[in-house]
Structures are given as structure tokens and as C-alpha cells.
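Work through the exercises below with the sequence and the coordinates at hand. Each task is followed by a worked solution.

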Amino acid sequence: MATRNAPPQEYESDDDSYEVLDLTEYARRHHWWNRVFGHSSGPMVEKYSVATQIVMGGVSGWCAGFLFQKVGKLAATAVGGGFLLLQIASHSGYVQVDWKRVEKDVNKAKRQIKKRANKAAPEINNIIEEATEFVKQNIVISSGFVGGFLLGLAS
């Protein structure tokens with residue numbers, strides 16, 4: 001079967017020009033990409049030594065934990081600061097909050113969440129089963145990730 005290598009398409013815009021990258025062609029040309037991310041690559045245990053898996057899992061876990069910690073602090077600061085500003089504005093008379101309407105809307109949102117949670121249960125179970133299977137197949141790298149994630153949270 002003959003394949004045609006088409007040149008990358010370029011799109012012109014007012015600001016910049018962009019190049020479209022075909023990942024399938026990239027994967028064919030770079031075999032390491034195919035080994036790591038290919039569909040027939042198998043579990044990580046078959047490809048790398050235990051030490052390499054632990055280091056890969058640990059480093060990626062630390063990065064994820066560190067980012068999770070920083071984003072969590074930023075989100076908590078934003079929510080807390082917004083609530084504080086709302087309270088100051090309400091106390092100063094700039095804003096008047098209709099608390100009965102807020103309570104009604106919160107109760108409505110709770111009912112909608114309960115309805116959607118019951119419908120989403122099979123999908124969530126499927127995701128949990130796939131995650132469990134991945135962890136079983138890649139136990140070393142997964143344990144390195146968990147350890148690195150906890151270290152990232154602590155740093």
C-alpha cells in the first residue's frame with residue numbers, strides 16, 4: 001500500500017501562521033514515540049527497568065503533586081478572597097444579596113447533581129475499572145507516581 005506524504009498545511013491569520021502537525025506521521029518517523037505511546041506497546045513493565053519506572057513515576061508524580069498543591073492554594077485564595085470581598089461589599093451597602101434566592105438556587109443545583117450522579121454511575125464504574133487495570137499492569141510506575149505525588153504535595 002502506497003502512502004502519500006503530504007506537506008504540512010499552513011493557515012494564514014492576521015497575527016501568525018500556524019503549521020498543522022500530523023502525529024501519525026510523526027510517530028512513524030520517531031520510533032521512540034511509537035514504543036512509549038503506541039497501542040501495541042504493552043505494559044510499562046516489559047519496556048523499562050524497575051529503577052527507570054520508579055524514577056519516571058516519581059518525577060511525574062512529584063510534578064503533578066506540586067502543581068496540584070499550587071493550583072489548590074490559588075483556587076482556595078481566589079474563592080476565599082472573592083467571598084471576603086463580597087462580604088465587605090455587602091456590609092458597606094454596595095451589594096445587596098438575596099439570600100432566599102441563593103438558597104433556592106443552591107437547592108435546585110443539589111437536585112440536578114443528584115439526578116446526574118445517578119445517571120453517571122455506570123460511566124464512573126467503567127473509568128474506575130480501566131484505571132484499576134492500568135495500575136495492575138504498571139504497578140511499579142504507579143507506585144512511583146503515588147510516592148512522587150505525595151512528595152510534591154508536601155514540598
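**Exercise 1. State which element holds S142, whether S142 is buried or exposed, and what lies around its side chain.**

Solution. In this predicted model, S142 sits in helix α5.
- Step 1: The relative accessible area of S142 is 12%. Buried means under 20%, so S142 is buried.
- Step 2: A polar atom of the S142 side chain lies 2.8 Å from the backbone oxygen of N138. A polar contact needs N or O atoms within 3.5 Å.
- Step 3: Leaving out residues up to four places away in sequence, S142 touches F134 and V135.

**Exercise 2. Locate S49, classify its accessibility, and find its polar partner.**

Solution. 
- Step 1: S49 belongs to the loop between α2 (31-37) and α3.
- Step 2: With 42% relative accessibility, S49 counts as partly exposed, because this class covers values between the 20% and 50% limits.
- Step 3: The side chains of S49 and T52 are joined by a polar contact of 2.9 Å.
- Step 4: In sequence, S49 and V140 are 91 residues apart, while their C-alpha atoms are 9.8 Å apart in space.

**Exercise 3. Classify the aromatic pair W62 and F66 by ring geometry, and relate the pair to its helix.**

Solution. The structure holds three aromatic pairs.
- Step 1: For W62 and F66, the ring centres are 5.1 Å apart and the planes lie at 15°. Pairing requires centres within 6.5 Å, and planes under 30 degrees apart count as stacked, so W62 and F66 are a stacked pair.
- Step 2: W62 and F66 are four residues apart in helix α3 (residues 50-92), which means a separation of about one helical turn.
- Step 3: Relative accessibility is 35% for W62, which is partly exposed. F66, at 27%, is also partly exposed.

**Exercise 4. List the members of the nonpolar surface patch and say which element contributes the largest share.**

Solution. 
- Step 1: The patch consists of F68, F145, V146, L150 and L153, and together they have about 460 Å² of accessible area.
- Step 2: Helix α5 (residues 139-154) supplies the largest share, four residues.
- Step 3: Patch residues need over 30% relative accessible area; F145, at 33%, is partly exposed.

**Exercise 5. Describe the protein chain by its elements, its burial, its contacts and its accessible area.**

Solution. 
- Step 1: The protein chain has five helices and two strands. Read from the N terminus, the order is β-β-α-α-α-α-α.
- Step 2: Of the 155 residues in the protein chain, 12% are buried.
- Step 3: Take the contacts between residues at least 6 apart in sequence: 57% of them join residues at least 24 apart.

Terms used. Residues are numbered from 1 along each chain as its sequence is written. This is a predicted model: local features need pLDDT of at least 70, side-chain atom pairs count only at pLDDT 80 or more; totals for chains, interfaces and linings use all residues. Side-chain values use heavy atoms; hydrogens and water are left out. Patches are made of residues with over 30% relative accessible area and no salt bridge: like charges are joined within 9 Å, nonpolar side chains (Val, Leu, Ile, Met, Phe, Trp, Tyr) within 5 Å. Accessible areas come from the Shrake-Rupley method with a 1.4 Å probe; for residues, only the protein chains shown count as cover. A salt bridge is a side-chain nitrogen of Lys or Arg within 4 Å of a carboxyl oxygen of Asp or Glu. Rings of Phe, Tyr and Trp (its six-membered ring) pair if their centres lie within 6.5 Å; planes under 30 degrees apart count as stacked, over 60 as edge-to-face and the rest as tilted. Buried means under 20% relative accessible area, exposed over 50%, partly exposed in between (1.4 Å probe, protein chains only). Contact means heavy atoms within 4.5 Å. A polar contact is a pair of N or O atoms within 3.5 Å; within protein, one must be able to donate a hydrogen and the other to accept it, and residues adjacent in sequence count only if both atoms are side-chain atoms.
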